[in-house]
Amino acid sequence: MPVVALPMYDWPEARAATDAEWASLHARLRDAGIDAPERLVRRNADLPAVPGGIRNGEGRTVAPDPAALPPDDLDFPVLWRHPDLLLAQTCWGPMEQGLERDVVVVGQPSYEGIEGGEGALYSSAILMRRGTAFAAPAPADGRALLPLDLLRGKRLAYNSSDSMSGMIALARDLEAAGESLALFSERIETSAHRASIAAVAEDRADVCAVDCRSWQLARRYELRAADVAPVGWTARLRGLPYITSRHTPQDLVARLRAALA
């Protein structure tokens with residue numbers, strides 16, 4: 001059974017929009033002669049079992065059998081490496097840390113019309129509690145805007161260490177400015193951009209970096225987003241890639257790319 005998931009912006013309040021996005025993509029795949037499922041995977045229980053676990057090209061086990069995982073969770077590394085994966089979103093952080101060996105990139109979403117985005121590029125809003133400084137609009141040239149004096153000595157909330165938008169992009173921009181993550185007094189892992197926003201709003205942290213589309217969702221659906229504001233932005237970089245399994249036949253990869261283009 002082909003597996004499709006669009007989990008990266010699939011907030012509970014936005015699931016109807018995610019389903020509509022998939023309906024549009026599904027129609028394009030169908031027109032390209034690609035057999036794709038009607039429904040998205042949202043739980044480990046929705047994934048086909050892989051007895052013995054998921055193996056890479058060298059035969060090494062790289063992810064567990066989804067049937068052995070909590071059924072109502074969704075384990076991203078298992079989803080991304082599932083041999084039946086037809087289409088999913090991922091992040092360039094995990095891609096750079098080894099995922100790229102197990103998948104094939106087939107497209108990029110558009111961030112057009114979102115503050116901080118342009119075409120296939122996006123940036124992260126650097127958020128602090130409202131009133132800390134004047135709100136900063138995203139730079140039109142896409143360059144990093146880092147308020148170093150504001151950030152120094154503050155507590156950083158971040159979703160995960162392999163997140164490009166929540167950690168890696170900020171670290172690279174700081175390095176380009178002659179600084180590092182040592183600028184912050186503490187780093188607090190939250191597991192999700194939404195949780196990072198809540199941590200800042202509730203004074204459990206002082207600053208976080210959140211990709212522009214998640215920040216757009218937060219302003220629409222997260223009440224605590226009203227208590228934070230962007231004081232800076234990371235530089236624009238490639239948005240989340242669409243991927244398929246390394247097992248996907250080359251002719252199907254070509255059709256996926258054409259349909260997503």
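Analyst: His82 sits in the loop between helix 2 (76-81) and strand 4 (85-89). Keep in mind that the model is predicted. Is this histidine buried or exposed? His82 counts as buried, because its relative accessibility is 0%, and the cut-off for buried is under 20%.

Next, the neighbours. Leaving aside residues within four places in sequence, His82 is in contact with Val3, Leu47, Pro48, Val50, Ile54, Pro66 and Ser245. Two of these deserve a further word. Pro66 is 16 residues away from His82 along the chain. The C-alpha atoms of Pro66 and His82 are separated by 8.8 Å.

Now the cysteines. A disulfide is a covalent bond between the sulfur atoms of two cysteines. The cut-off used here is a pair of cysteine sulfur atoms within 2.5 Å. By this rule the count is zero disulfides. Take Cys91: the nearest cysteine sulfur belongs to Cys212, and it is 13 Å away. Cys91 is therefore in no disulfide, since that distance is not within 2.5 Å. Cys212 is in no disulfide either, and its nearest cysteine sulfur is that of Cys91, 13 Å away.

Where do these two side chains stand on burial? Cys91 counts as buried, because its relative accessibility is 6%. Cys212 is buried too, with a relative accessible area of 0%.

Note on methods
Residues are numbered from 1 along each chain as its sequence is written. This is a predicted model: local features need pLDDT of at least 70, side-chain atom pairs count only at pLDDT 80 or more; totals for chains, interfaces and linings use all residues. Side-chain values use heavy atoms; hydrogens and water are left out. Buried means under 20% relative accessible area, exposed over 50%, partly exposed in between (1.4 Å probe, protein chains only). Helices (H or I, at least four residues) and strands (E, at least two) are DSSP runs, numbered from the N terminus. Contact means heavy atoms within 4.5 Å.
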